[in-house]
Amino acid sequence: MTQVSMTVNGEAVSAEVEGRTLLSDFLRGNLRLTGTHIGCDTSQCGACLVHVDGEVVKSCTMFAAEAAGTEVTTIEGMANPDGSLSAIQQAFQDQHGLQCGFCTPGMVMATASLLKENPKPSVAEIRDYLEGNICRCTGYHNIIKAVLAASGQDVDAMVAG
Amino acid sequence: MSGPLTDLDRPNSYIGRAVPRADAARLLEGRGRFVDDLQLPRMLHAAFLRSPYAHARVNGFDLEAARAVPGVHTILTGKDLEGVVEPYVGVLSHLAGLQSAPQMPMAVDVARWQGEPLVMVIAESRAIAEDALGLIEADLDPLDPVTDPEAALEPGAALIHDSLGSNLAWERTVDVGDVDAAFAADGVTTVERSFTFGRHTGVTLETRAAVAAFDPSTDQLTFWYSGQAPHMMQFIFAKHLGLMEEDVRVIAHDVGGSFGIKIHTYGDEVATAAAAKLLGRPIKFVADRLESFQTDIHARDHIVKGRMGLTADGKIAALEFDDITGIGPFSMYPRTSAIEANQVLNLTGAPYEIENYRARSRVVFQNKNLMCQYRAVGHPIAMAICDCLLEDAAREIGMDVAEVRRRNLMADDSYPRQSASGMKLADLSHQQSLEKLLEIMDYNGLRADQAQARKSGVYRGIGLVSMVEVTNPSPAFYGIGGAPIASQDGATVRLDAGGGLRISSSVTEQGQGTNGILAQIAADRFGIPIDRVRVTTGDTDTVPYGGGTWASRGAGIGGEAMLQAAVALRDQVLDVAAVMLQTEPSKLDIRDGAVTDLDGSERMTLSDLARTVYYRGNELPSDMKPELVATRHYRVTDFPFVFTNGAMAAQVEVDVETGMVKVLGFWAVEDCGRVINPMLVDEQVRGGVVQGIGGALYEECLYDEEGQLLNASMADYEVPMAAEMPDIVVAHVETPTRTSELGAKGAGEAGTGGAPAALMNAVNDALSPLGGRIHQMPMTPERILKALGTV
Amino acid sequence: MKAQDFRYERPSTMDEALAILADTDQEAQPLAGGQSLMPMMNFRLAAPDVLVDLGGVPELSGICEDNGEIVIGAMTRYRDLMASEMVARDVPLLAAALPHIAHPAIRNRGTLGGSLALSDPAAESPAVLLALGGSVDLRSASGQRSVAADEFFFGLYETARQPEELITAVRLPKAAPGHRFGFYEITRRHGDYAMIGVAVAQAPDWRIAFFSVAGTPLRATDAEAVLNADASDIDAAVAALASLEIDGDRHGDPAMKRHLAGVALRRAIGGMS
């Protein structure tokens, strides 16, 4: 067993875990932050994305112990401080950029990371950046629109249909 | 469209509007309620040892070391469930002659596909259960696997079930007109093609998952699952675990994608429920991705030889094909694995005037994972057979592929009528849809672009499809054959004291936006702001009885039930209001949450009315019996299915050196009747198209000859991702169905049904100047380069 | 699926890490980002007793120049390599390959040393190392050595690294004026492991390294010889790929893969700069 301590969504947390405990297991099982999802076990799907020290990572491909001492942000930490939807979350709702919602936390985390690096991405840049996020329900079309809207760009001028 | 339902100027007019889903905020904040999020007191976790062989005799297991692992609670084998679970058989009486064998949740004597459950370990955590699995010694004798469906029918082939005497599960033929004479007639050009449609699967991002809790003091089972048909599962658990149906509660909260995958009886889920009953403790089973690939139902797997005759003026003289499909070792319970083949026979050629039609389908057992109904059951096969033969034949006689459709599509004014296969058709718009498609895609412009590109050695292709989709099924789909599957659905609308509406429905939400459109319909028809409507679905304890969401039936059937319930409650409320306001109901209206005069002036809020009824009944006449709740049920009558139609087009570019296909554009015109929420339905169509592109270009469950699945991970099984997908343009023709007041047909499967044919046509159009052609899906680079003779 | 449990160690110096690896009573496995190792552990294809997380060893990260070589610490993440001006300027072949490696979230954790230690035959960085003729610095508790790229890759997931050794750094020759490089890979989907890929260097001798062709990345020495004799005879170079021992996989049989190798080589050369 290993003692791990980290900051998650601004709160200090600490627990004794098995070495094999994934960061995603720790968030979901120990902290009961179930917004981070597991879709593949092999780091393809992106449903488990969280930010560690401000960088997007796959929490299913990082042991909880590796995250000791870091600041972790999960989907539960993405809303505005007053609890309202963040601009990214609001754009996904307005543009209907989700269906079942299982991939959605990962999409939101990826989008936040993308817009931090590239505040006004093109459609092609968005599609490329989402290369590690699978959505099985939508046609990706509205996800692209949601990212454009979240970045304050003219959605209708940039996406057909 | 005009008419009372889309009177957008009226207050609370939500039908037809792009209303954002209320559910979305919860999911966007990570507050979903998926099965694996559930933690119950004393809950244990299950993991399964699964057959490593496609076919093996099960002699026994040495469980000693596994049992000794700290934290392991119980280990159950297939034999242990004998007498606990009544075996099930996937046959239906209306599919005459269909045979299958009794199936148990875990193999007892013989394992028949790689991945079939053998042993269930129940432990304090999933990780501990997996530790124990690794210590089980399984005594298995490999048997000859039968994997190829054509070989499975050869005389002398090993039998998958000795008791059945044959590996043929079912066979059906259709023979209409005089096919032989039509092909032999002068001036008829015949094209003949061999099609192969690979196996693929649903890859729901949330894997199958279940939590079963049994209370021995009341004999009640509660089963939370990620699924599409709670009432069907209620029946199945009751019947096969020996419980009363009223003692089984099935709950499906948020469902992370389903696509037909989550509507079947899976051994691991039944075993989970059985173990919960045996142990009296909650048990969780969440499939991992490997288990999903090995055991979630697979789809397609057809080999088809087809031919079409075209007259010199481009009329279809005759269509004939022979289909063989492998379904794994059992017909899936309770829907059976013969429905897809049945649909292929029913639907092929259904958009066109065809007088001479002959087809046969054979459904064959094999030692691979079970095949069953997945999104657009049979449709991609049916549409590809007909529309690919049609475009190939048109190319043969030098006719444009849009023009050949104009000459053959059923006329929009010819309904109601029948298809060649005898399907009852009504309210379709093939001609209008095709013309709209050609307009939105700028067909002539794309053809000019194609000609220009070819001059510079760039091979672009354009392919079309005209299609039908089966939606809103009547009892003729399943119930008629004895399946415990409701074709009717119920809706309840209740006015609460606060003046808000609590609505519930037996259709389920899997992300399509069902809850959203039900709220739209109820708010619209009742007369209340949509933010005063709360929706419950997915709980057999609290919703009316019904079928759930599958076969593109949620909006059409569940929506109509909701409309009728909302209208009924409105009438009931107005009856009460008229008494309280001492006027006639006909002189009152409900608008924006208040009872008003017909000119809209407010007379009383709904809250005032409800509080009077609920709290101060003394103010009402003693002979008045107010009812502020209404329930209505709806089923489709007079038609077995409500068909929709669509027209779609793909533009592709083939890299003829690498065989890679890039989809440059995709256009879909969909006639799903009344559009309730264009924003939701458009993305449903797009999501369907992307799954269709997946089946056409990427997705295949690759088995070797021994029946080993070679690519059971998301790294090796390629689902479409954002970077490779085009913008998808969606437009509508709205021809409401005559079968309901709402007029909505389904839309969720059209893209998956139609896109593969459009893609195959586009690729063949691109390859045609080089003399290559391909009729195998997925159209991988290797297959395209082989078609070109490059490798 | 869950990994088999292990003891987690997070040394803060290289010596501590090497001491753990030197204890042969237990199977210890270095964890260097884990982006490929962890899926293997989830499938229980890898099940070490001890996992030695190198994330706490700062001396293993960083990029510097040493005697005409660019020296990249084993724990340097792909993200940092992509952000490095030195890499962009002095190792343009690596810079060209980096965007093709997996996804942004994986590049935020994945390291060059980790990738080379695992040496997935479909991975990009082993081929880049091979095409550049770089070398790998290895150290154990008892000593250190440097292994040339040509001697580093043994077989499927097998390298010259011994279980008690750590990759400490990767040495890549600095590009000189007139050197040219090309990189091309064919993937079904953006970010996937390649169906085939090739890294090409003309510095000034030609070195060509294919990946996703066999159990290890493969140098196309016959094609190199053709181009060394006549750099314009690309047809002959492609024809010389006939001598490569290429395995088939789910993307195609050996003939298909050889064909794609030729296409990739032409395109890589066509894109050289």
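These entries record what I looked up about chain contacts and domains in a predicted model.

**Ground rules.** I took this as a predicted model, where local features need pLDDT of at least 70 and side-chain atom pairs count only at pLDDT 80 or more, while totals for chains, interfaces and linings use all residues. Residues are numbered from 1 along each chain as its sequence is written, and chains are lettered from A and ligands numbered from 1 in the order in which they are written.

**Chains B and A.** I found 45 residues of chain B in contact with 45 residues of chain A (C-beta atoms, placed from the backbone, within 7 Å). On the chain B side, helix H1 (23–28), helix H17 (678–698) and strand E28 (728–732) give two or more residues each. Helices (H or I, at least four residues) and strands (E, at least two) are DSSP runs, numbered from the N terminus. H17(B) gives the most, with seven residues. I sorted this side by class: 24 nonpolar, ten polar and eleven charged residues. Nonpolar means Ala, Val, Leu, Ile, Met, Phe, Trp, Tyr, Cys and Pro; charged means Asp, Glu, Lys and Arg; the others, Gly among them, are polar.

**Chains C and A.** Here I noted 25 residues from chain C and 23 from chain A. Strand E1 (7–9), helix H2 (37–42), strand E3 (50–53) and helix H6 (104–107) of chain C each give two or more residues to its side. That side has ten nonpolar, nine polar and six charged residues.

**Inside chain C.** I read off domain 1 (1–54 + 62–175) and domain 2 (180–270); the bounds come from an automatic or database domain assignment. Their centres, taken over C-alpha atoms, are 24 Å apart.

Note on methods. Contact = placed C-beta atoms within 7 Å.
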